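I set out to record what I looked up in this structure, entry by entry.

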2 protein chains.
Amino acid sequence: MKLTMRLGQRSYDIIIKRGSLGRLGQLIHLDRKVLIVTDDGVPVQYVQAVAGQCGQPFTVTVPQGEGSKSIEMWRQLLARMLEENFGRRDLVIAVGGGVVGDLAGFAAACYMRGVDFVNIPTTTLAQIDSSIGGKTAVNFAGTKNIVGAFWQPRLVVVDPDTLDTLEPRHYAAGLAEAVKAGLLADTEILRLLEEEDYRDRIEEVIYRSLIVKKNIVERDETEQGDRAALNLGHTIGHGIESAAALHGHRSLYHGECVALGILPMLEDKKLAARVRRIYRRLGLPARVHYDRPAVAAAMRHDKKAQSGFITVVKIPRAGQFRLDKVPFAEVEAVVLGTSDGVAPRTKGEEE
Amino acid sequence: MKLTMRLGQRSYDIIIKRGSLGRLGQLIHLDRKVLIVTDDGVPVQYVQAVAGQCGQPFTVTVPQGEGSKSIEMWRQLLARMLEENFGRRDLVIAVGGGVVGDLAGFAAACYMRGVDFVNIPTTTLAQIDSSIGGKTAVNFAGTKNIVGAFWQPRLVVVDPDTLDTLEPRHYAAGLAEAVKAGLLADTEILRLLEEEDYRDRIEEVIYRSLIVKKNIVERDETEQGDRAALNLGHTIGHGIESAAALHGHRSLYHGECVALGILPMLEDKKLAARVRRIYRRLGLPARVHYDRPAVAAAMRHDKKAQSGFITVVKIPRAGQFRLDKVPFAEVEAVVLGTSDGVAPRTKGEEE
């Protein structure tokens, strides 16, 4: 399967195909200097499969985890490219999850004011969501994604075979983004997840989820308007994630936090119950205890909370969304448990 | 005078007008958080004039000179914005020369993946050339402009009154870029510089030079083709500049290096003689001794020297240019003094 992200001169293809990793050379010119960026949690055979097809591969392996999304690590990638005398026509390839893609993409965006970038996501989260859209970033001074660039890849290669080595909870966490896509604009995704053997049909889940994202990104490449819909679940989700990280227990994955953050945005009770059932089937948390004041504090610090108001994405019913600018205090009250929900018609679900 | 850079959604105005600094608030919305970036060589009254018009100004003053174009300084600007809780709708303003513009512009490009940027150049060099075109960058590991982004300002305000406080040699150095613009596409600029009271008519010199640049940038925003014409004189010029800097004597200004770098690219002897006469009138160097092997080494390290070939910009006659891809060895031979010139029809001039 193939999708084309139509963004004028910066258009690119997304290939979704089992085994595509091994045929990368047929998809893009690799006879040049290539910086392959990966992390130490990615099985080495995937990196070798890529490097083996490149004319002059140079591999940098960063430690797994959010900590590698730093200015310091970004600087090390740039130093390596400069050291190896990379030119304007050379290439950066990310092989791994969202951390590696964001970090490598931001280095590609800035080296010589931008060189080619190819993203090869190897996690459900990255395959379903973060590998497309052109957002790159690192974290800085405790704030997620605060320093970065919009930089579109030349190509995204999604090889679902790489998911076979992903541990089950990690696999499940990424599916939260598929639930998000389904809720925003494609209820067939929800049906696949709740009724079908979704692991067997993962290509279809990924494909449909990417179409939802693609349509939104094409309308609004740099997030001036509707693209904010993709933040469904992320406002509270990031707060939960940041607060947990600050307290040193990385007990929740990003996708799990998003899953939790989605629930208070569902305006329909029946839908909320349905989504919780889907979560249980997938192995995602439907309820969790967290440090409420810490999450509220993290959200206050979040880049999206400006001037007392915050834009949240609400789901009136499956397949539809609405952007609402609401007082930050309203979202905070949900997090603090003093209010039932941002949307008046639903109960708060993040218990 | 006003110019509009037409780049689709990223279009912006360039205002060229004496006294415009004091009327900035009429040109752009200033009732928000504004990071004003300047250096300690810029007269404080210009910064005060800007800050006085802003709702919430925060000023960062970096040390004057190329040394401030560093990742470390860029990081400090980002840290300040984060500390002051800058949001996506806030603003960065550069007040100063090219260093400040490049540094502040790159910080604006990366904070939250890009916030508004206004450039207020206060040197001839920046007013004539570097303030428009959307190139931002810092230096890294001894290489100029190797890390950066294309990021268009929202507005450029050129107030020629600010040139009154510029020391004469600095003033002259910037005019090299006007000579460049004249040679590329507008011989009237050359006439103004050689026959008229160019200080009195500086608004016209700036305006005409910016039109030349604007036309080229609009055709090729991210330097895939013709925009390379703007590098006239910069290949050898950067080499001279880097070599001098490495040897610790910052005896030559950027504009002076460009002036020297232009000479071997003139294919017509009479034109070369004319340009040298103009240089003398303006106070630019027409001949200089430099460390030839050091310049050649610096150029070899230069980002434009890839795969043995290099694109140089030649001037067959005033007002016309041609891009030539030549073996790097050919340019090197000119620098080393073992060849007469890159262009077969002229004598090397960089004695």
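The entries below follow the order in which I consulted the model, which is a predicted one.

**Entry 1: helix α3 of chain A**

I began with helix α3 of chain A, residues 98–110. At 1.5 Å a residue, its 13 residues should span 18 Å, and I found the end C-alpha atoms 18 Å apart, which agrees. I then asked how many residues of α3(A) are buried. The count is 13 of the 13, so the helix is largely enclosed by the rest of the structure. Just after α3(A), I noted a positive phi of about 55° at Met112(A).

**Entry 2: cavities**

I searched the whole structure for cavities of 30 Å³ or more and found seven. Which elements of chain A each supply at least two lining residues? They are α3, β6 (116–121), α4 (124–130) and β7 (135–140). The helix of my first entry, α3(A), provides the largest share, three residues. By class, I recorded five nonpolar, nine polar and two charged residues in this lining.

The second largest cavity has a volume of about 80 Å³. Of its 14 lining residues, Phe117(B), Asn119(B), Ser130(B), Ser131(B) and Lys135(B) lie nearest the centre. In chain B, α3 (98–110), β6 (116–121) and β7 (135–140) are the elements that give two or more residues to this lining. The most come from α3(B), with three residues. The classes here are four nonpolar, eight polar and two charged residues.

**Entry 3: Arg32(B)**

I located Arg32(B) in the loop between β2 (12–16) and β3 (33–39) of chain B. Is Arg32(B) buried or exposed? Its relative accessibility is 10%, and because the limit for buried is under 20%, Arg32(B) counts as buried. A polar atom of its side chain lies 2.9 Å from the backbone oxygen of His29(B). Beyond neighbours within four places in sequence, the contacts of Arg32(B) include Gly55(B), Arg89(B), Asp90(B) and Asp116(B).

**Entry 4: Arg281(A)**

I found Arg281(A) in helix α10 of chain A, residues 269–282. At 38% relative accessibility, Arg281(A) counts as partly exposed. With neighbours within four places set aside, Arg281(A) is in contact with residues including Leu192(A), Glu194(A), Glu195(A) and Tyr198(A).

Definitions and conventions: Residues numbered from 1 in each chain as written. Chains lettered and ligands numbered in written order. Predicted model: local features only at pLDDT ≥ 70, side-chain atom pairs only at ≥ 80, totals over all residues. Heavy atoms only, no water. Helix = DSSP H or I, 4+ residues; strand = E, 2+ residues; numbered from the N terminus. Expected span 1.5 Å × (residues − 1). Buried < 20%, exposed > 50% of the residue type's maximum accessible area, 1.4 Å probe, protein only. Polar contact = N/O pair within 3.5 Å; in protein donor to acceptor, adjacent residues only side chain to side chain. Contact = heavy atoms within 4.5 Å. 1 Å grid on protein atoms, 1.4 Å probe; cavity = no way out; pocket = protein on both sides within 12 Å on 5 of 7 lines; lining within 4 Å. Points joined across faces, edges and corners; volume = space filled by probe spheres on them. Nonpolar A, V, L, I, M, F, W, Y, C, P; charged D, E, K, R; others polar.
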